[in-house]
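Please look over the sequence and the predicted model shown below.

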Amino acid sequence: MNISIIGTGYVGLVTGACFARLGNRVICMDSDKRKIDLLKDGVMPIFEPDLEKLVSIYTKQGMLEFVDDVEYAVDKSELIFLCVGTPSGADGSADLGAVKGVCRDIAKAVKDYRVIIEKSTVPVRTNEVLNGLIREETAVHCDIACNPETLKEGTAIHDFMNPDRLIIGTETGGADSALIRLINLYRNIASPYYIVDINSAELIKHASNAALAQKISFINMIAQLCEKTGADVIEVARAVGADKRIGRDFLNAGIGWGGSCFPKDLQALMYVCREHNIDAKLLEAVYCINEGQRGRFVDRIESGLGGLEGKVIGVLGLSFKPGTDDMRYAPSIHIISELMKRGAEVNAYDPKAMEKAKELEEFFGVVYCKDEYQTAEGVDALVILTEWKQFEWLDKIELRRIMGKPVIFDGRNIYSLDEMERLGFAYISIGRKAVNSGSVF
Ligand code: UGA
């Protein structure tokens, strides 16, 4: 099929590359000419495992094309995916400016029937707004559909090719031409389909992200109780999650969720609830627990070290999760800026995110290191903020030798308590007992 992807951000690029891999001719369109020129030269604006390889293969085969001309993209494609950003507005609502803008551009360019598909995460009933815009611009009949994306950064290509389910929402909620085209598009992906009305499809995406964020905040609240009572959150999560009705995924306690999706989607869903006079206290609590998690972690570091003034802290991990260089709403932003505000000096290392981190105002003053060992040299404490696999395999004996004090604050629970105890580290993690902490507390 001939497809256009409007917006070459995270979702757009991965979606475009994966549709090309499924045998479609894909045009990725972005109004940012500089970005398009770089993509034409094979330069990726983001790090995502295997994306560069996929883009290079399918660009060479002529299955993937990058353009900044919306008319060309609309003219050449029967399916047009909207993949532009929907960031939080000042009041928490989803800012639909970009989605509306590209929708108008598409409507102005359209000459024949097209299916316009919402892939960006949008609030329920956005389709009605977009339909109105299209009708204002053109008399050509177009259908709108919603096919929300459920991929995770760091495993995006695998997730796209192996989704738990495909959600397709159309205006009729039944067998119309938009649905038939979308089913045809996904015919080689083995996954259950959820064919629904378009409002439900929009809401499914917001509700899914809210449910995932809720699970994480729930376990983070339980982790606080574990710390007060001597219970171990990893054991608790394992047994609670073994109940099939609950499930073990997304029950990893830590310094809270970040990224470009959960924070904005939760806020947008709260906003929609309030618009409809629905009590959003549950979502507010999910949000508040998450906000508190980072501050509590900094407080524990401060009290553990007997103050932060003049202390040197080595930070391992900056991105909001492993497998990405994405710094959007990364817990590290709040934690590092707070450590520095309270008087600490920060050395930091991340395998992929340092270039993006350097652009952030909150990180001015951070000293970036070439690897984990340089980060650890002479520090008063090492702090783990992202669970990159390579941090698990560090030579702990060497670490212990080069650190000023053998103290680790682990915001992602990557090490075993037994190992830390045996190696003589003071080790403070989330929702688990503190090990050898006599020397620090
Ligand atoms: C999330 C959803 O998982 C995807 O299904 C969805 O498609 C995507 O948002 C989106 O809306 O586009 P993503 O933000 O890429 O994906 O990453 P997640 O793996 O969901 O992690 C989000 C945050 O939760 C990270 O900060 C991670 O560290 C944290 N997390 C995750 C935990 O603290 N504990 C867990 O058990 C799991």
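The sections below take up the surroundings of the ligand and then the salt bridges.

## The shell around the ligand

In this predicted model, the ligand is surrounded by 20 residues, and the closest of these are Leu-151, Glu-153, Lys-205, Asn-209 and Lys-321. Sorted by class, the shell is made up of nine nonpolar, four polar and seven charged residues.

Helix 9 (198–229) and helix 11 (262–275) each contribute at least two residues to this shell, and the largest share, four residues, is that of helix 9.

Taken on its own, the ligand has 710 Å² of accessible area, of which the protein covers 92%.

Among the 31 salt bridges that the structure holds, one joins the side chains of Glu-149 and Lys-119, with an N to O distance of 3.2 Å. Glu-149 belongs to the loop between strand 6 (142–146) and helix 7 (156–161), and Lys-119 to the loop between strand 5 (114–118) and helix 6 (126–137), so this pair ties together parts that lie 30 residues apart in sequence.

Are the two partners buried or exposed? With the limit for a buried residue set at under 20% relative accessible area, Glu-149 is buried at 7%, and Lys-119 is buried at 2%.

## A network and a further pair

Salt bridges also link Asp-299, Glu-302, Glu-338, Lys-341 and Arg-342 into a network. Within this group, Glu-338 pairs with Arg-342, and their closest N and O atoms are 3.1 Å apart. Glu-338 is buried, having a relative accessible area of 17%, whereas Arg-342 counts as partly exposed at 23% relative accessibility.

Another salt bridge is formed by Asp-371 with Lys-370, where the closest N and O atoms are 3.9 Å apart. Lys-370 is an exposed residue, with a relative accessible area of 62%.

Definitions and conventions:
Residues are numbered from 1 along each chain as its sequence is written. This is a predicted model: local features need pLDDT of at least 70, side-chain atom pairs count only at pLDDT 80 or more; totals for chains, interfaces and linings use all residues. Side-chain values use heavy atoms; hydrogens and water are left out. A residue is near a molecule or strand if one of its heavy atoms lies within 4 Å of it. Accessible areas come from the Shrake-Rupley method with a 1.4 Å probe; for residues, only the protein chains shown count as cover. Ala, Val, Leu, Ile, Met, Phe, Trp, Tyr, Cys and Pro count as nonpolar, Asp, Glu, Lys and Arg as charged, and the others, Gly among them, as polar. A salt bridge is a side-chain nitrogen of Lys or Arg within 4 Å of a carboxyl oxygen of Asp or Glu. Buried means under 20% relative accessible area, exposed over 50%, partly exposed in between (1.4 Å probe, protein chains only).
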